[in-house]
Amino acid sequence: MKLKIFYIVLLVAHCTIAQNSLEEILQQYNNESIPYISADEVKSVQDHIVLLDAREKIEYEVSHIKNAKFVGFNTFKISSFTKQNIPKKDTIVVYCSLGVRSEDISEKLKKAGYINVYNLYGGIFEWKNKNYTVVNPKGEITENVHAYSKEWAKWLQKGKKVYSN
């Protein structure tokens with residue numbers, strides 16, 4: 001009987017977690033130390049900001065937002081970034097798949113003295129869900145978006161989901 005109750009509790013917990021909203025997911029994983037910026041806001045100022053992709057290289061190479069610079073997550077080094085001589089008062093928007101890894105990279109930028117740093121709310125998934133274009137490494141518009149994982153892929157509702165093995 002105890003085992004049966006355990007499985008019921010586990011099933012209810014799983015269903016509750018699986019139905020979280022994007023806002024709840026971001027609240028769960030982020031401390032909101034970096035202000036969010038919406039995809040619509042980024043689209044309206046895209047030519048006047050520094051856009052950084054904080055996903056892994058394999059994700060970036062599937063597609064990325066046009067003119068985004070790859071900085072990575074596991075390989076990110078603030079010393080390499082500062083060598084690019086981007087003024088510390090420039091507006092910088094960091095994104096990943098949903099906005100979790102990008103907050104970590106944004107925090108490192110803030111700590112290094114960059115003052116106008118924002119986290120793209122919902123990441124590239126929300127960007128694509130708004131029907132904004134993404135490009136492949138050749139700069140060609142594509143529908144492909146790296147979906148990160150089967151679990152996180154549910155947040156990508158538009159485009160073609162691509163997975164790494």
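**Entry 1: ground rules.** I am reading a predicted model, in which local features need pLDDT of at least 70 and side-chain atom pairs count only at pLDDT 80 or more, while totals for chains, interfaces and linings use all residues. Residues are numbered from 1 along each chain as its sequence is written, and side-chain values use heavy atoms, with hydrogens and water left out.

**Entry 2: the sheet.** I looked up the strand order first, taking helices (H or I, at least four residues) and strands (E, at least two) as DSSP runs numbered from the N terminus, and counting two strands as paired if DSSP finds at least two bridges between them. Five strands make up an open sheet with parallel pairing, and their order is β1-β5-β4-β2-β3. At the edges I find β1 (36-37) and β3 (69-70), each of which pairs on one side only.

I then followed β5 (residues 116-120) to its partners. With β4 it pairs in the parallel sense over four bridges; Thr91 has Asn116 of β5 as its bridge partner, and Val94 stands opposite Asn119 in β5. With β1 the pairing is also parallel, through two bridges, and here Ile37 has Leu120 of β5 as its bridge partner.

**Entry 3: a residue of α6.** I picked out Ser106, which has its place in helix α6. For burial I use relative accessible area, with buried under 20%, exposed over 50% and partly exposed in between (1.4 Å probe, protein chains only). Ser106 counts as buried because its relative accessibility is 0%. Taking contact as heavy atoms within 4.5 Å, and leaving aside neighbours within four places in sequence, I find Ser106 in contact with Ile34, Val94, Val117 and Tyr118.

**Entry 4: the cores.** Next I looked up the nonpolar cores, each a set of buried Ala, Val, Leu, Ile, Met, Phe, Trp, Tyr and Cys residues joined through side-chain atoms within 4.5 Å. The largest has 23 residues, of which Val42, Leu51, Ile65 and Phe125 touch the most other members. The elements giving two or more residues to this core are α2 (22-29), α3 (39-45), β4 (91-95) and α7 (123-129). A second, separate core has 14 residues, among them Val50, Phe76, Ile105 and Leu109.

For Leu51, setting aside neighbours within four places in sequence, I list contacts with Val42, Gln46, Ile65, Lys66, Asn67, Ala68, Lys69, Val93 and Tyr95.

In α2 the buried residues are Leu22, Ile25 and Leu26. Seen down the axis of α2 they fall within an arc of 95°, so they line one face of the helix; the arc is that of the directions from the helix axis to the C-beta atoms. What covers these buried residues includes β1 and α7.

**Entry 5: aromatic pairs.** I count rings of Phe, Tyr and Trp (its six-membered ring) as paired if their centres lie within 6.5 Å, with planes under 30 degrees apart called stacked, over 60 edge-to-face and the rest tilted. Phe76, Phe81 and Tyr114 form one aromatic cluster.

**Entry 6: Asn144.** I find this residue in strand β8 (residues 144-146), and Asn144 is partly exposed because its relative accessibility is 25%. Asn144 lies 80 residues from His64 in sequence, yet the two are 9.4 Å apart in space, C-alpha to C-alpha. Not counting residues up to four places away in sequence, Asn144 touches Val62, Ser63, Val134, Lys160 and Val162.

**Entry 7: positive phi.** I noted Asn85, a residue other than glycine whose phi is positive, near 55°. Asn85 sits in the loop between α5 (78-82) and β4, and is exposed, with a relative accessible area of 65%. Tyr148, also not a glycine, has a positive phi of about 65°; Tyr148 lies in the loop between β8 and β9 (160-162) and counts as partly exposed at 40% relative accessibility.
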